[in-house]
Amino acid sequence: MIRCKEILRELSDYMDEEITPELRARMEVHLCACRHCKVLVDTTRKTLTLVSDNSFLELPKGVSERLLERLSLRHG
């Protein structure tokens with residue numbers, strides 16, 4: 001049985017599909033049983049998707065102004 005520590009160590013290679021089929025199978029069995037590691041993998045996958053997305057995210061009206069105002073107050 002693979003441990004959480006090993007999941008963490010192999011996470012990058014797992015995401016890049018650069019591990020052996022045997023290790024992948026062991027990791028997937030662990031992920032089915034361990035909610036913590038499953039959340040870690042899902043969150044990492046979603047984060048990578050967001051970071052690699054080149055689309056423009058439009059902020060709701062007024063957010064930019066409020067953000068700039070608060071930054072200027074803090075760094076006056």
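**Figure 1. Helix α2 passes helix α3 in a left-handed crossing.** The model you're looking at is predicted, so local features need pLDDT of at least 70 and side-chain atom pairs count only at pLDDT 80 or more, while totals for chains, interfaces and linings use all residues. Residues are numbered from 1 along each chain as its sequence is written, and side-chain values use heavy atoms, with hydrogens and water left out.

Look for α2 at residues 21-33 and α3 at residues 35-52: their axes come within 6 Å and cross at roughly 110 degrees. That makes α2 roughly perpendicular to α3. The axes are lines fitted to C-alpha atoms, for helices over the stretch in contact, and the angles run from 0 to 180 degrees between N-to-C directions. For the wording, angles under 35 degrees count as roughly parallel, over 145 as roughly antiparallel, 65 to 115 as roughly perpendicular, and the rest as oblique.

Who meets whom? On the α2 side, you'll find His30, Leu31 and Ala33; on the α3 side, Arg35, Cys37, Lys38 and Val41. Contact means heavy atoms within 4.5 Å. Sorted by class, this meeting of α2 with α3 has 4 nonpolar, 1 polar and 2 charged residues. In that sorting, Ala, Val, Leu, Ile, Met, Phe, Trp, Tyr, Cys and Pro are nonpolar, Asp, Glu, Lys and Arg are charged, and the others, Gly among them, are polar.

**Figure 2. Helices α1 and α2 also have a left-handed crossing.** These two pack at an angle of about 125 degrees, with their axes 11 Å apart. They are therefore oblique to each other. From α1, the contact takes in Cys4, Glu6, Ile7, Glu10 and Tyr14, and from α2 it takes in Leu23, Arg24, Arg26, Met27, Glu28, His30 and Leu31. Class by class, α1 with α2 gives 6 nonpolar, 1 polar and 5 charged residues.

Zoom in on glutamate 10, which is found in α1. With a relative accessibility of 18%, glutamate 10 counts as buried (buried is under 20% relative accessible area, exposed is over 50%, and partly exposed is in between, with a 1.4 Å probe and protein chains only). Skip its neighbours within four places in sequence, and glutamate 10 is in contact with Ile19, Leu23 and Met27.

**Figure 3. The crossing of α1 and α3 is right-handed.** Here the axes come within 11 Å and cross at roughly 25 degrees. That makes α1 roughly parallel to α3. Cys4, Ile7, Leu8, Leu11, Tyr14 and Met15 of α1 make the contact with Cys37, Leu40, Val41, Thr44, Arg45 and Leu48 of α3. Split by class, those residues of α1 and α3 come to 10 nonpolar, 1 polar and 1 charged.

**Figure 4. The largest nonpolar core has 12 residues.** Its members are Ile2, Ile7, Leu11, Tyr14, Met15, Ile19, Leu23, Met27, Leu31, Cys34, Cys37 and Val41. The elements that give two or more residues to this core are α1 (4-15), α2 and α3. The largest share, 4 residues, comes from α1. A nonpolar core is a set of buried Ala, Val, Leu, Ile, Met, Phe, Trp, Tyr and Cys residues joined through side-chain atoms within 4.5 Å. In soluble globular proteins, nonpolar side chains tend to be buried together.

**Figure 5. The loop between α1 and α2 holds isoleucine 19 and glutamate 17.** Isoleucine 19 is at 16% relative accessibility and counts as buried, whereas glutamate 17 is exposed, at 65% relative accessible area. Leaving out residues up to four places away in sequence, isoleucine 19 touches Glu10, Asp13, Tyr14, Arg24 and Met27. Glutamate 17 has a phi near 55 degrees, a positive value in a residue other than glycine. Most residues other than glycine have a negative phi.

**Figure 6. Leucine 57 sits in the loop between α3 and α4, and valine 63 lies in helix α4 (residues 63-75).** Leucine 57 is exposed, with a relative accessible area of 69%, while valine 63 is partly exposed at 23%. From C-alpha to C-alpha, leucine 57 and glutamate 28 are 33 Å apart in space and 29 residues apart in sequence. For valine 63 and isoleucine 19, which are 44 residues apart along the chain, the C-alpha atoms are separated by 43 Å.

Conventions. A crossing is left-handed if the near helix is turned anticlockwise from the far one by less than a right angle, and right-handed if clockwise.
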